[in-house]
Amino acid sequence: MTDRELMELAVEARKRAYAPYSGFRVGAALLSKSGKTYTGCNIENAAYTPTNCAERTAVFKAVSEGERDFAAIAIVGGKGDEPNEFCAPCGVCRQVLAEFCDGNLRLLLGAPENIRAYTLAELLPCSFGKSDLH
Ligand code: THU
């Protein structure tokens, strides 16, 4: 699975976004270390607070299927028809990713033809995690 292929899966997932309130549609594609992929989209709610981001949809789908080891996640978002805006994951999603992934997780942001790659350590430095509770 190339970075570009993972991005394309995120673009497909974005088409299923349910975002009638913000109009901001996000897609995510999560790659497990075993090579499986799990996609997600944002799912909004009339009460706003129950809204779920695309990244967490993908993580929760994967974890509920027994997967906990991840190598990369591609994220695309924007208001336009084509997801060509840069969309960074929100802080809550970074924290959820940190629960299951170490700092080496790769985050692929942008669009298929313009991918910017980061690590989770870069996007969530000095994080609070399970080791803090021991
Ligand atoms: N959103 C995501 O799906 N992921 C992010 O990391 C940022 C925000 C969604 C939530 C909401 O449905 C819309 O984008 C506007 O905030």
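## Aromatic pairs

Two aromatic pairs are counted in this predicted model, where rings of Phe, Tyr and Trp (its six-membered ring) pair if their centres lie within 6.5 Å. One of them joins Tyr-21 and Tyr-48, with 6.0 Å centre to centre and 50° between the planes. This pair is classed as tilted, since planes under 30 degrees apart count as stacked, over 60 as edge-to-face and the rest as tilted.

Tyr-21 belongs to the loop between α1 (3–14) and β1 (25–32), and Tyr-48 to the loop between β2 (37–41) and α2 (54–64), so the pair ties together parts that are 27 residues apart in sequence.

## Ligand shell

## Polar contacts and burial

An N or O atom in the side chain of Glu-44 is 2.5 Å from a ligand oxygen, and one in the side chain of Glu-55 is 2.7 Å from a ligand oxygen. At Ala-54, a polar backbone atom is 3.0 Å from an oxygen atom of the ligand. The protein buries 78% of the 370 Å² that the ligand exposes when taken alone, by the Shrake-Rupley method with a 1.4 Å probe.

## Basis of the values

Residues are numbered from 1 along each chain as its sequence is written, and side-chain values use heavy atoms, leaving out hydrogens and water. Because the model is predicted, local features need pLDDT of at least 70 and side-chain atom pairs count only at pLDDT 80 or more, whereas totals for chains, interfaces and linings use all residues.

Methods:
Polar contact = N/O pair within 3.5 Å; in protein donor to acceptor, adjacent residues only side chain to side chain. Helix = DSSP H or I, 4+ residues; strand = E, 2+ residues; numbered from the N terminus.
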